[in-house]
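User: Please take a close look at one part of this model, the aromatic side chains and what surrounds them, and take me through it step by step.

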Amino acid sequence: ISIIVSFDIPEKISHWRLWLRTALISMGFTKIQKSVWLGKIKIPKEFIEDINTYKLGQYVHVFKVLEEGTLIK
């Protein structure tokens, strides 16, 4: 199972993009596109709590991929 994290953070709070990318890298995610990241781990509860604390929930989307389709292992 793969996890895709996609985000579109507005320019006025763009400083949160660096925080988010750094968090994704530290969890072992790899960049598919600039704002689309792929990982093979369960998202830590603390990460979701941080997203909510920083009020980023409306800009960050997490998807569970059950079949990889065109994504190469």
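Analyst: Trp 19 is partly exposed, with a relative accessible area of 24%, where buried means under 20%, exposed over 50% and partly exposed in between, computed with a 1.4 Å probe on protein chains only. This is a predicted model, in which local features need pLDDT of at least 70 and side-chain atom pairs count only at pLDDT 80 or more, while totals for chains, interfaces and linings use all residues. Residues are numbered from 1 along each chain as its sequence is written, and side-chain values use heavy atoms, with hydrogens and water left out.

Trp 19 forms an aromatic pair with Tyr 54 that is edge-to-face, at 5.1 Å centre to centre and with 85 degrees between the planes. For such a pair, the ring centres of Phe, Tyr or Trp (taking the six-membered ring of Trp) must lie within 6.5 Å, and planes under 30 degrees apart count as stacked, over 60 as edge-to-face and the rest as tilted. Helices (H or I, at least four residues) and strands (E, at least two) are DSSP runs numbered from the N terminus. Tyr 54, at 31% relative accessibility, counts as partly exposed.

By the ring-centre rule the structure has 4 aromatic pairs. One of them joins Trp 16 and Trp 19, whose ring centres are 5.9 Å apart and whose planes meet at 85 degrees, so this pair is edge-to-face. Both residues belong to helix α1 (residues 15-26), where a spacing of 3 residues separates Trp 16 from Trp 19 by about one helical turn. Ring pairs link Trp 16, Trp 19, Phe 47 and Tyr 54 into a cluster.

Phi of Lys 55 is near 60 degrees, a positive value in a residue other than glycine, and Lys 55 counts as exposed at 64% relative accessibility.

Lys 45 forms a salt bridge with Glu 49 (a side-chain nitrogen of Lys or Arg within 4 Å of a carboxyl oxygen of Asp or Glu), with the closest N and O atoms 3.9 Å apart. Lys 45 is exposed at 59%, whereas Glu 49 is partly exposed at 39%.
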